[in-house]
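I am opening the notebook on this structure and will write down what I looked up, in the order in which I looked.

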Amino acid sequence: MNKTPVAVIVIPTYNEAGSIKKMIDHLFTNTFPKTKGWDCQVLVVDDTSPDGTYKVVQSLQKRYKKLFLSLSAKKAGIGGAYVRGFRYAMNELHADVVIEFDGDFQHPPKTIPVMLEGISEGYDYVLGSRKIKGGSNPKGWGFKRLFFSEIGGMVARFVLFFPTKNFFKITDPTTGLKASRVKGFVDTMDMDHLYSHSFGYKLEFLYKMTALGAKIKEVPLQFFVREAGESKIEPQTAKDIFRTVFLLRLNDPMTKKFIKFGTIGLFGFVINKVGLDVFATLLKNVIGSVGIRNALANAMAAEISIISNFTFNNLWTFKNEKLVWGAKLIKKFTTFNLSSVVSGIILPSLVIGAGTHVFGDQYRFLFLIIGVFFITVPLNWFIYNVVIWKKK
Ligand SMILES: Nc1nc2c(ncn2[C@@H]2O[C@H](COP(=O)(O)OP(=O)(O)O)[C@@H](O)[C@H]2O)c(=O)[nH]1
Ligand SMILES: [Mg+2]
């Protein structure tokens, strides 16, 4: 017989004595009876709050046997508190799902059953979103708070995920309300190395869950103003979020690959330019017609730069998918060569030709830039990844 899956609601607290009792009572009396098929437990992660939040929890533990407390002497930051809470939930409570939840009624408890339903449907990561139909920001938020929240969300979304499908899918990356599947995800995720132990950890967990291939569902989140106590949002939170997302993206394996690809591409361009001059000089006394001479010189230089691009990308950018000498390499190189001619010569030439035809000769350089950066680069990146050095 399968055991009832365990869902642990993890609530970090620092000076939340004003709302924690009401929250715990509410969860056990109103919310959990509505989560059929789940063994729901509450874990409060407190850092010895000066206002004695943990004492309130300790006294409630007599009444609720599924109420747990992880108490630490040192203030860990919200990220540090969640790492400790997730570990406790996995090791001591054998959690199948962990839910990140605010203890101050900013997250409506009625969303918990909705999130667990998503997990039961087979999703690995259910996110409360303020940006989809049915979701909302607090009525009391002023322009400044809203503005920062919107900009922060957009920047985080763009920096973390553009142009992958998660960029379009994850509408509210800075949301605090999330349900995560443990097996294959939270138990696999590296929680030892975090860029941020403050609010930025939210983006970090989000990024790591997507990198593990979590199936994601968004459910509407009606975000409220806190009912009691003071906000712990720190003044440096915006900076912390930006710093974290930039570091995550910069150290992303795909970004590193793209930087190598770009470097080699730039080098190939230099080879093309130098080669053109060298061959044009060498052929000076061989071919009389300047047009034919330069065209031939460029064809030879371009071919050398194509060979250089192929070789260096094979040895460096795509070293994990490296092609070794043999029939397959020759076949792939032929494809590479043909596609390079199309993406690097024919298509940008057409863009420059059509662009200057319509807008005038003075825009020649502009259309070269457009052709190279909007056609050659993305097309090559796509072909290299999907056709030439396809992941095994
Ligand atoms: N244990 C622990 N909890 C914290 C810490 N910092 C913030 N929290 C809690 O995390 C929850 C979310 O905080 P946050 O979203 O930053 O701000 P707030 O909801 O506007 O106060 C609150 O219930 C805080 O009490 C910390 O250092 N340690
Ligand atoms: Mg809160």
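Which of the 22 residues around ligand 1 come nearest? Working in what is a predicted model, I found that Pro12, Tyr14, Ala81, Ser231 and Lys232 come nearest to ligand 1.

**Entry: the shell around the ligand**

I then looked up which elements supply this shell, and strand S1 (6–13), strand S2 (39–46) and helix H3 (77–91) each give at least two residues. Helix H3 contributes the most to the shell around ligand 1, namely three residues. Sorting the shell by class, I noted eight nonpolar, six polar and eight charged residues.

**Entry: what the record lists**

I turned to UniProt, where an unreviewed entry lists "domain: Glycosyltransferase 2-like" for residues 9–146. In the model, this span is 36% helix and 20% strand, and its end C-alpha atoms lie 27 Å apart. The unreviewed entry also lists "domain: GtrA/DPMS transmembrane" for residues 260–389. I computed 84% helix and 0% strand over residues 260–389, with the end C-alpha atoms 14 Å apart.

The annotation "transmembrane region", again from an unreviewed UniProt entry, covers residues 258–283, 295–316, 336–359 and 365–387. I checked two of these spans against the model. Residues 258–283 are 96% helix and 0% strand, with end C-alpha atoms 37 Å apart, while residues 365–387 are 100% helix and 0% strand, with end C-alpha atoms 30 Å apart.

**Entry: strand S6 and its partners**

Next I asked which strands pair with S6, and in which sense. Strand S4 (residues 97–100) pairs with S6 in the antiparallel sense over four bridges, and strand S5 (residues 125–129) pairs with S6 in the antiparallel sense over three bridges.

Are the faces of S6 covered or open? Side chains in a regular strand alternate between the two faces of the sheet. For S6 (residues 178–181) I found Lys178 and Ser180 on one side and Ala179 and Arg181 on the other, all of them buried, and both faces are therefore covered.

In soluble globular proteins, nonpolar side chains tend to be buried together. With that in mind I looked up the largest nonpolar core, which has 62 residues, and the members touching the most other members are Val8, Ile9, Val10, Leu43, Val97, Val98 and Ile99. Helix H8 (residues 201–211) supplies the largest share of this core, six residues. A second, separate core has five residues, among them Phe261, Ile264, Phe318 and Tyr384.

**Entry: Met115**

Beyond residues up to four places away in sequence, Met115 touches Ile99, Val126, Ala179 and Val219. I also noted Leu177, which is 62 residues from Met115 along the chain, while their C-alpha atoms are separated by 9.5 Å.

**Entry: backbone points to note**

Asn15 is not a glycine, yet its phi is positive, at about 60 degrees. Asn15 sits in the loop between S1 and helix H1 (20–31), and it counts as partly exposed because it has 16 C-beta neighbours inside 10 Å.

Phe105, likewise a residue other than glycine, has a positive phi near 65 degrees. Its place is the loop between S4 and helix H4 (111–120), and with 16 other C-beta atoms within 10 Å, Phe105 is partly exposed.

Terms used
Residues are numbered from 1 along each chain as its sequence is written. Chains are lettered from A and ligands numbered from 1 in the order in which they are written. This is a predicted model: local features need pLDDT of at least 70, side-chain atom pairs count only at pLDDT 80 or more; totals for chains, interfaces and linings use all residues. UniProt positions are given in the numbering used here, feature names are shortened, and annotations may be inferred rather than shown by experiment. A residue is buried if 20 or more other C-beta atoms lie within 10 Å of its own, exposed if 12 or fewer, and partly exposed in between; C-beta atoms are placed from the backbone. Two strands pair if DSSP finds at least two bridges between them. A residue is near a molecule or strand if its C-beta atom, placed from the backbone, lies within 6 Å of it. Ala, Val, Leu, Ile, Met, Phe, Trp, Tyr, Cys and Pro count as nonpolar, Asp, Glu, Lys and Arg as charged, and the others, Gly among them, as polar. A nonpolar core is a set of buried Ala, Val, Leu, Ile, Met, Phe, Trp, Tyr and Cys residues joined through C-beta atoms within 7 Å. Two residues are in contact if their C-beta atoms, placed from the backbone, lie within 7 Å.
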